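Hello,

Here is the structure I promised to pass on. Please have it open while you read; my notes follow below.

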Amino acid sequence: MYTNLNLSLNTSIHLGLGDDSYRYEAVKVFNQVLNRGRLRQFWARLLGKPNRLQTLGSQPVASHRTTSQIVSVAINQIKGSLGRSNDFDASFNPLHERSRSRWISVAAAMRQHVPLPPVELLQVGDSFFVRDGHHRISVARAFGQEAIEAYIVG
């Protein structure tokens, strides 16, 4: 049995699937940002200050056409969400355990330089709201990335 385990482990390593260091790092960082998000939510409630992502609410959103050009958007200009404002705080820290699996997968992929699709953002004035890519933005912020590739929609 031990020999079979070594064989499958060696096969995984040979295929590039055995390096768990990226996943381990992703799990560690997820735990940190989840705790940070929850702590910030606690203090925000205690002090009566908002700490959620902005939402467009009932404001009309233009058609869902997407620009074909990929642009680089400063992450600090991304202020809100088109539907996930309860899942992340204002700094895109996850607030719920249900984000764990997706967040870790995205983080491990980013750390391995796996190309991920651009996020989709709606621009309102100088701010952007996320239509698709909340986890990618959260991970990028957590790892200190200053900008992210995006399609501008609407």
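Asp87 counts as buried, because its relative accessibility is 10%. Here buried means under 20% relative accessible area, exposed means over 50%, and partly exposed lies in between (1.4 Å probe, protein chains only). Keep in mind that this is a predicted model: local features need pLDDT of at least 70, side-chain atom pairs count only at pLDDT 80 or more, and totals for chains, interfaces and linings use all residues. Residues are numbered from 1 along each chain as its sequence is written, and side-chain values use heavy atoms, with hydrogens and water left out.

Where is Asp87 found? Asp87 sits in the loop between S3 and H3. Helices (H or I, at least four residues) and strands (E, at least two) are DSSP runs, numbered from the N terminus. Contact means heavy atoms within 4.5 Å. Setting aside neighbours within four places in sequence, Asp87 is in contact with Asn93, Pro94, Leu95, His96 and Arg98. Arg52 is 35 residues away from Asp87 in sequence, and the two C-alpha atoms are 8.7 Å apart in space.

Next, the charged pairs. A salt bridge is a side-chain nitrogen of Lys or Arg within 4 Å of a carboxyl oxygen of Asp or Glu. The whole structure has 6 salt bridges. One of them joins the side chains of Arg84 and Asp87, at 2.6 Å from N to O. Arg84 counts as partly exposed, because its relative accessibility is 29%. Asp87 also forms a salt bridge with Arg98, where the closest N and O atoms are 2.7 Å apart. Both Asp87 and Arg98 lie in the loop between S3 and H3, so this pair ties together parts that are 11 residues apart in sequence. Arg98 is exposed, with a relative accessible area of 60%.

Another salt bridge joins Glu97 and Arg100, with the closest N and O atoms 2.2 Å apart. Glu97 is partly exposed, at 39% relative accessible area. Arg100 is partly exposed too, at 24%.

Now Asn93. Asn93 lies in the loop between strand S3 (78–81) and H3. Is Asn93 buried or exposed? Asn93 counts as buried, because its relative accessibility is 4%. Not counting residues up to four places away in sequence, Asn93 touches Val33, Arg36, Gly37, Arg40, Asp87, Phe88 and Ser138.

On to helix H2. H2 covers residues 21–47, which is 27 residues. From first C-alpha to last, H2 reaches 39 Å, close to the 39 Å expected at 1.5 Å a residue. The expected span is 1.5 Å times one less than the number of residues. The buried residues in H2 are Ala26, Val29, Phe30, Val33, Leu34, Gly37, Gln41 and Ala44. An α-helix has 3.6 residues a turn, so residues three or four places apart point the same way. What do the buried residues of H2 pack against? They pack against helix H3 (100–111) and helix H4 (134–142). Just after H2, Gly48 takes a positive phi of about 70°.

Last, Glu120. Glu120 lies in strand S4 (residues 119–124). Glu120 counts as buried, because its relative accessibility is 18%. Residues up to four places away in sequence aside, Glu120 touches Phe129, Val130, Arg131, Asp132, Tyr151 and Val153.

Best wishes
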